[in-house]
Structures are given as C-alpha cells and as structure tokens.
Amino acid sequence: MSYLEIRGVNKRFGGLQALDDVNLSVEAGTIHAIIGPNGAGKSTLLNTFVGKLTPDSGTVTFDGQSLLGIKPHEINQVGVARVFQTPEIFSELSVLDNVIIPCLAKRDGSFKLNGLSLLSRQADIREKAEQMLIDVNMQDKRNMTASSLSRGDKRRLEMAMCLSQDPKLLLLDEPTAGMARADTNNTIDLLAEIQEKRKITKVVIEHDMHVVFSLAQKISVLAQGHVIVEDKPENIKGHPKVKEAYLGGTS
Amino acid sequence: MKHLTKNDRLLFIFFTIMVLAGPIILAPFGAGYPDLLQRFAIFGLFAVGFNILFGMTGYLSFGHAAFLGVGSYSAVWMFKLLTMNVIPALFLSVVISGLFALLIGFVSLRRSGIYFSILTLAFAQMSYNLAYSVLTPITNGETGLQLNLSDPRILDAANTTGSIPSTNLFGLTMNSTAKFELLGLVFQFNVGFYFCALILIAGFYIAMRIARSPFGLMLLAIKTNQTRLNYTGVNTRPYTLAAFVISGMYAGLAGGLMAITDPLAGAERMQWTASGEVVLMTILGGVGTLLGPVLGAGFIKYFENIFSKINDSVLESWFSFLPEGLSDAMVFVLHFFVGKGWHLTLGLLFMLVVIFLPGGLMEGGTRLYNAFRSKDTKSSKDEPKAAE
C-alpha cells in the first residue's frame, strides 16, 4: 500500500485550473519526484500536503490519515517535514540552536510551557542536535549565526533541521533552485547519503532534470495541473509527452 | 548561545549587588532618596517584563500601561477592603492583570506586526477611557482611587489612630526609612525600596531563567522565523500568548508596587504615553538583552528627575556670568528642554541612541568593553561580552 496517496485533487484559482484531477501515490521508502515546466502546479500540489492550501475536491492521505483541513504544525507532528525553495531557517540564532528547536518540537509537541527548566541541562536534546550536526558535517559551524552561512550550508542546515525530527515523509521544494552547479551536486550527494542512511520517504519537486534522474525511483510529470506521465526515470527521459510538455508542441 | 553559563551567574550576582547597594551608589548623584529609588526598581521591573514580550518574540505592544493601571487599582482595592498588608495586594495585582492580559492578548495576537501594535494601543486607550468614565464606581474616575478612613479593611484591627494606616509587610511599614550621614552625604535605606528591589531581583532572575529555557528559545525562534517554526511542528499562538500574559503580569506587579509605595491609583497611569515610555526604556537600554531594560528604565527616570527639576531661575543662575542679552537668549532656548519640556531632551537622546547605538546602552557598553579589551591584549578579534 502506498504511503502518500493523492486522489482526484482539484484546485482552481479564479479562471485558472491549477490542479486538474491529480492522482499520485508514493511508495514507502522511495524518492518520488514531481517534475514539470513552470506553472505546471508543482508548488500548488505540494502546498496541499502541508496544510497551506485546501483543494476544492479530492483527498490527500498519509499513512491512512487525511492531511486535509489540519494546520501546518499538526501535519509536522504527524511526521511530515518540509524543505523550502529558499531555505527557511532561524537566521538570527546559532546553527546549534537551529537544530535544537526541531528536536524540542519533536519531544515536547506543539506547545509546552517549560519556562523555568534550563536548556543547558537537557542533555538528550543537546546530544541529539550535536549528533545531527556531525551527520551533516557541520559540527565545526555549530556556534556560527545561521545568517552568516553560505547558501549551500543554509540548505544543509535546513535539511538537518528536518531530519533531526526523524520524519516519516520529507517534502523537498526545489532543493537546488538557484544553486551553482557545484552546490547542486553537493545537495544531490547529501540527499543520496541521507537516503542510504535513513530510508525516509521523499517527495522532491524539481525543475532540474539532472537532480531528479540521479535520485528518484519514480517520476511524475505534471503539466497544466495534470499528471501526464508517471514512470521510472529511464522511461521518462525519452517520453514524447514529456518532451512536448517541456519543449512545446512537437512538429 | 542561549544556555545558562557562568557568565549568567556572574551577571545575576553583579545585578543583585548593584540593586541592593543602590542607595549607597546613587547618593553622590543626588538620586539616593527613596521616592526615586523606588521608581527605578518599579520601572526596571516593568521594562524587564516588557522585554519578555518585545525583546524575545518581537511583538511590540503599545498598551502595556493598561496592565500597570489594572495592577494599581487591584492593589488599592485590596488595601481598602482587606488589609494594608502588601502580600494580598500584590497577589491580586498579578492575578487580575494576568487575566486582563489573557483577554487582550487572545484578541490582539491574531495579528502581528503593526496591526498587533495598533490593537494593543486601542485596547489600552479603551481601558483608560473606561477608567475615566463608565467605570467610575471602581476607579473613582478623575480623582483616582484613594484610601479612606471609612474603608472596611476586614483583616486589619480596628483603626483607632484617626489617620490612614500605611502599607506594610506584616507590620514593617513601607515608608519607614533609616538615615545615615557620612562624608557630607545622606544615605537613606527605605523599606519600600528594598521590598521593590527584592521583587525586581526575583523578576530579573525569572526573566533570565525564561531566556535560557526551551520556552525562551521558542520565543526567539518566533521573532526570527515564524513560518519555519510552524512547519517544525510548533503552534506559535500559545507561545506568544504565554509571553504576553507573563509580561502583562510583570506590568501588573509593577503597578501593584506603585500602589504600595504610594497608595493611590489614577487612570493617567494607563495612558498611551505610559505605554510608550516602557517601549523607550527597553529600546534605549537594549532590546532583547537582560540588563538593558533595567538600565534604560534607570536612565530615563534619572534624567527625567534631573531635567524636570531645572526651571528658568536655575537656568538664569547658570548663565548669569554671560552678558544680559546673551544669557536671556540661552535661557529662552534651553527653557524648552528642561522642566516640563524635558520630553524634548528625551526625544533627542532617544534619536541619538537609535541612530548611533541601535543596540541601546548595552551595545555602547559592549563597544567600550571591546575597545578596552583590544587595547589591553592587542588582540583585535574578541568574543563580544555576554550582553544577552
């Protein structure tokens, strides 16, 4: 049975049919990529998984539970973590604190009034956060302010923050958008490494074909709000419908 | 780093000593008398509490004076109805202002940024106007709530002295003062001040613990990136509401202390200027730092005291050495900056600080410290002083 199940999702913005009867199923433990040209509805689709948008019709279930109509923080508590197109981190805080916060959220839930207990005494949280930084090779930057990190490191930190919560499902929204080729390759390596160590189910939204073909086990191609092809990477590359979607009508 | 360290302990010990030695340290500066010292402690507490909301979560409330006023009214009612002992009065101040903050915070925190500020301002002005008009049976309107000989005071023994009793802590009256003269200076040790000082120290300690707790880290995270925090599984609303209520309770406590040192409560305490003052104090001292708000409060109250005392005749005596026309001109110009016009001076000082020291007095202190450090050790790159 598939882990993330999207059935008949529709979303209209005024006159624009952003998502048109989208069906998608993501198998547990795999990397599933969603690709498509600009404006295909990739981000809209992602936003329906995380509580930001409610589709006009259709269902989104994760591990048997509906994700519709609940708030972003509740979705995270279910085990869905999200990496943003531009890294969303706590830029004024230290790198270590950035990882401590998701560890706290994982342990204490969405709210806990523990204003008088000292953070420095909570060895479990600190150890977990430090270990996470070692895992992503950032332990030497632990005391730096997050805003002073390079773009690649910010992305790395954001992934570390998501991974520190041991999510069941990781959503990545264009993880290499706007990156130089070297940074892109680093990110691919990081993702491959994570996949090897922790078999977390991932949904990657991408633009960059290069990233997708080296990572994903399955690819869905989205065009004009509709899934036109869903197949293994090797079958996607030469697919005429994909060529048409990306390059315009074939002559 | 936001974890309690040796530095924090040192800071707390230093703070305690400075506050307790206040009457000695400030006597040479003409600020060693009880009335002013009490104001330092009370407004210091108010600012420390305000900083938990503004400094940590970044939500700028323009209505905190409402809680100050509510705290004062509650305390005076306790004096009227129950007893002149200060403990029940403070207890009621904190509880009522906390409930009031819960109500206002619940509504205001639905918005953030400037809309939040405007909502809090609106609520505070509403409270102020209500206290002036409709709520006169509770607040005694324009006259302000005062003690009366005929008040019931159920727990106190029958009053036979014929005068209004003074506030006390189990018999220790708040306005009793011990005076010592040494080297031509008068040192005054006042019970009311020490009571306020101990509460300030306790309030400072709690603020410090909050800043170093998981809860405090969440508040800082709210200030930095609420989107990320939501997608990290944290519900930000209860955190901001808790911070709002805590800072409201601090304000109520400060209001209660005001009533203790001077048992009357007036609506003007809730006016927006009073809310603005605590914002100035916090920014002037250093937003988000522990010590900053207390410094800012002391700074503003001290200079208010000095500048507002200077009147035209004092100015004339200063410039009497100048030729007639010139001294008149000087007095004419400076007249606007002193006495009742002291807010003009405060405004200028505030502008200077915001432009040249955006981190407030604490940043100034850190810069001085670093300048000295680098001179001493010749090493240019030092860790900034533990100003958090």
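Lys71(A), Arg110(B), Arg111(B) and Arg237(B) form a surface patch of positive charge. The model is predicted: local features need pLDDT of at least 70, side-chain atom pairs count only at pLDDT 80 or more, and totals for chains, interfaces and linings use all residues. Residues are numbered from 1 along each chain as its sequence is written, chains are lettered from A and ligands numbered from 1 in the order in which they are written, and side-chain values use heavy atoms, with hydrogens and water left out.

**Charged patches**

- A patch takes residues with over 30% relative accessible area and no salt bridge, and joins like charges within 9 Å.
- A salt bridge is a side-chain nitrogen of Lys or Arg within 4 Å of a carboxyl oxygen of Asp or Glu.
- Lys and Arg count as positive, Asp and Glu as negative; His and the chain ends are not counted.
- Each charge is placed at NZ of Lys, CZ of Arg, CG of Asp or CD of Glu.
- In the positive patch, Arg111(B) sits in the loop between helix 5 (86–108) and helix 6 (113–132) of chain B. Helices (H or I, at least four residues) and strands (E, at least two) are DSSP runs, numbered from the N terminus.
- Arg111(B) is partly exposed, at 48% relative accessible area. Buried means under 20%, exposed over 50%, and partly exposed in between (1.4 Å probe, protein chains only).
- Glu324(B) belongs to helix 15 of chain B. Its relative accessible area of 62% makes Glu324(B) exposed.

**Buried helix residues**

- Thr48(A) lies in helix 1 (residues 42–49) of chain A and is buried, at 1% relative accessibility.
- A polar atom of the Thr48(A) side chain is 2.4 Å from the backbone oxygen of Leu45(A).
- Met281(B) is in helix 12 (residues 272–285) of chain B. Met281(B) is buried, with a relative accessible area of 0%.
- Met281(B) and Val48(B) are 233 residues apart in sequence, and their C-alpha atoms are 9.7 Å apart.

- Glu174(A) is not a glycine, yet its phi is positive, near 45°. Glu174(A) lies in the loop between strand 7 (169–173) and helix 6 (181–197) of chain A. At 10% relative accessibility, Glu174(A) is buried.
- Gln224(A), also not a glycine, has a positive phi of about 50°. Its loop runs between strand 9 (218–223) and strand 10 (226–231) of chain A. Gln224(A) is exposed, at 70% relative accessibility.

Note on methods
A polar contact is a pair of N or O atoms within 3.5 Å; within protein, one must be able to donate a hydrogen and the other to accept it, and residues adjacent in sequence count only if both atoms are side-chain atoms. Patches are made of residues with over 30% relative accessible area and no salt bridge: like charges are joined within 9 Å, nonpolar side chains (Val, Leu, Ile, Met, Phe, Trp, Tyr) within 5 Å. Accessible areas come from the Shrake-Rupley method with a 1.4 Å probe; for residues, only the protein chains shown count as cover.
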